[in-house]
Amino acid sequence: MSKLAEQYTDLDKLRHSCAHVLAQAVKRKYPTAKLGIGPPVEDGFFYDLHLPESLTEADLEEIEKEMEKIVKADYPFEKKMVSPAEARKIFKEKNETFKLEMIDQLEGSEDISVVVDGDFTDLCKYPHAHSTGLIKAFKLTSIAGAYWRGIETNPVMQRVYGTAFSSKKELDEFLRLREEAKKRDHRKIGKELDFFSIQEDGGPGLIFYHPKGAYLRHLIEQFVKEEHLKRGYDFVMGPQILKSDIWVRSGHFSYYKENMFVFKTEDEKEYAIKPMNCPGHMLIYRTQMRSYRNLPLRFFEMGNVCRNEKSGVLHGLLRVRNFTQDDAHIFCLPEQLEAEIESVVDFVFFVLDTFGFKEREIEISTRPENSIGTDNDWKRATDALQNALKNKKIEYQVCEGEGAFYGPKIDIKIKDALGRSWQCSTIQCDFALPERFDLEYTGADGAKHRPVMLHRAILGSVERFMGTLLEHYAGALPLWLSPVQISLIPVAQTHEVYTQEVLEILRASGFRAEIQVSTDTLGARIRRAQTEKIPYMIVLGDKEIQAKKIAVRSRSLGDQGQMALSDFVLKAQEEIKTRR
Ligand SMILES: [Zn+2]
Ligand SMILES: [Zn+2]
C-alpha cells in the first residue's frame, strides 16, 4: 500500500522526515522503545512504535516539545549505504528487534541504507527533506493500535499519527478543516437530528432509520426513481435471496463468496442473500427472446443488498452490511454503447448537481493484466467511455490497468463542502455476465447476438450517499430534502388556534410543517428548531394575529420580518421547485 520512493512528493518527504523526528523524540524520552516503520500517509504520517507503556494525549504533547528541539537543531538527514552485516550490528546494539527482522528480509540485497540525523539512526530507503529545520509546522494528531506488519499474531504496536506542513498557515487550515470535519461527522449529526441509529445489539453495520431519517431516504429515492422513469428506464425487482447455483453461474462464488451471507434450507439446498443485483436482472432479461428493436433495455432497481464486511471496516453509514443501491443494468447493441454511456453521464451529473455536489473527480480504469474479453471488446468499450466524456468536454484521469477483470469503467467521486472526496457513481462495462447467462438478442440479420451490458449506479449506496449529504450540508439540508421544513412556534397558548390555521394552510400547500406547542419557553423552542436545523421558523403572537401575517425566520438568512402567509408560500414553493 505504501508509496514507492520515487513517488514521494516534496510534502511526502517533509512528512516522512517528521516521522523520523517523532521516532527520535520518542527514543529520547523512552530509550527502550522499539521502532517499526514510519511512512507518509494521505494527510500526514505515522510511526509504529513498541513501548512498555501506552501513550496518552498528554504524552504526545511532551513528545511534541522534544520534536521542537530536534527541528530547531536543524540536523541534516544523511543517508549512508552499509553492508547487511554492518546494518545488523548498528541495530543490534540498539536492540531494535523489528529493524533486525526487516534487515533479515532484505538479505541477499547488496548494501542497505541507513539514515542519520543528529543522535538518531534509522533503517530507511526513502527520500527525506534536507534537514529537520525545514519542518516548519507539525502536529501529532492521534494514537491507534496496529499489529506489526498487519499480522494478528504479531505484537501490537502503538501507531502515532501526525501531520506536517512547510508553513504554519497550512497546518492551521488543516487543523481547522479537521475540527470542522469532526463537527460534521454524519454519525454525530444523525444522532443530533434523530435520523438513524446503529445498535450493537441488533448487529454491527446495520442501520435503523428513525422517522425523519426514513423520510429523508424516501425523498431521495422518490426523486431518483422519478428521474429514471423520465429517462426510459424500466423498474424491475429481483428476490432478496437466490440459489447458490446462480451465484456459481454469475461467478460471485468464485471471487466474492467470503463477503456473502450463505445458508441452507431444510431440504439442504444452499442459498445466498444477494450482495449485488446483477444476476436477478440477467434472469429477467432471459425470460424472453429479445429483438434488436427492443434494445436498449434499461432495468432499474432500488436494490437492497447484504455484504459480510469485516467488522473492522464498518463505519457509520459509509460502510455497512446491509444497504441499497440505485442500480441499473443497460443491455444494448454495440453501436448504441457510446450514446448510452453519454446519457448515463448526463444523468449522473444532473443528479449530483441537484443534490449540490458540483465538484467531481472522474477516473477511467482500463484493462488489467488478468482479464477476460477480446482486445476488440476492450477497445470498443474503453473508447466509448472516453468519447462520452470527451464529447462533453469533461476532464478525467486514466487509471491504467485498474479496470475490473470483466471490463473498463468510469468512477465518479464527489467533493464535499470541505473539499473531501467521496466515492459515488460508477459506470462499468461487463463482458462476462452476458456470456455467463447466455444473453442474446435477434439481430437485423435474423441471427443471435450477445448484447453489450453496462452496470451503473448514480448515488452508489443510498446509505453512504446520505452520510455524504449530511456531512456536506453539516445537517442543514436544503428545503426540498428537509424532513421537517417549517417549525411553527406560537408565542403563548392563546396563539395556538391561529397557529393551527397557519399549519393547515401550509400542509395543504404541500409543506412538511409542525407546531412546537408552548410547553417550554419561547427561547427554548426557537433554539430547538435551530438545533434541528429546520429551514424555516414561523413565530406567531399578538402582533401577527392582528396584522393577519406571519413572522418568518430563515435558517440561512436570519430574521425575515413579517409577511403575508401567501407570499411566504409562493417564495418557499419556488425554493423547493428549484431545489436550492
Ligand atoms: Zn526515512
Ligand atoms: Zn450489476
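Analyst: The turns below treat the metal site and then the salt bridges. This is a predicted model, in which local features need pLDDT of at least 70 and side-chain atom pairs count only at pLDDT 80 or more, while totals for chains, interfaces and linings use all residues. Residues are numbered from 1 along each chain as its sequence is written, chains are lettered from A and ligands numbered from 1 in the order in which they are written, and side-chain values use heavy atoms, with hydrogens and water left out.

User: Which residues coordinate the zinc ion (ligand 2)?

Analyst: Donors are N, O and S atoms within 2.8 Å of the metal (3.2 Å for Na, K and Ca); water is not among the atoms, so sites may look incomplete. Here, Cys278 (SG), His329 (NE2) and His455 (ND1) coordinate the zinc ion (ligand 2) at 2.0 to 2.3 Å. Along the chain, these donors have the spacing C-x50-H-x125-H. Because Cys278 belongs to helix α10 (residues 278-285) and His455 to strand β24 (residues 452-461), the pair ties together parts that are 177 residues apart in sequence. Helices (H or I, at least four residues) and strands (E, at least two) are DSSP runs, numbered from the N terminus.

User: Are Cys278 and His455 buried or exposed?

Analyst: Buried means under 20% relative accessible area, exposed over 50%, and partly exposed in between (1.4 Å probe, protein chains only). Both Cys278 and His455 are buried.

User: How many salt bridges does the structure hold?

Analyst: A salt bridge is a side-chain nitrogen of Lys or Arg within 4 Å of a carboxyl oxygen of Asp or Glu. The structure holds 41 of them. One is formed by Lys89 and Glu93, whose closest N and O atoms are 3.9 Å apart. Both residues lie in helix α3 (residues 84-93), four residues apart, or about one turn of the helix, and both Lys89 and Glu93 are exposed.

User: Where do Arg420 and Glu471 lie?

Analyst: The side chains of Arg420 and Glu471 meet in a salt bridge of 3.0 Å, N to O. Arg420 is in the loop between β20 (409-415) and β21 (421-430), and Glu471 is in helix α14 (residues 462-472), so this pair ties together parts that are 51 residues apart in sequence. Arg420 counts as partly exposed because its relative accessibility is 24%, whereas Glu471, at 5%, is buried.

User: Which residues are linked in a network of salt bridges?

Analyst: Such a network links Arg28, Glu66, Lys69 and Asp119.
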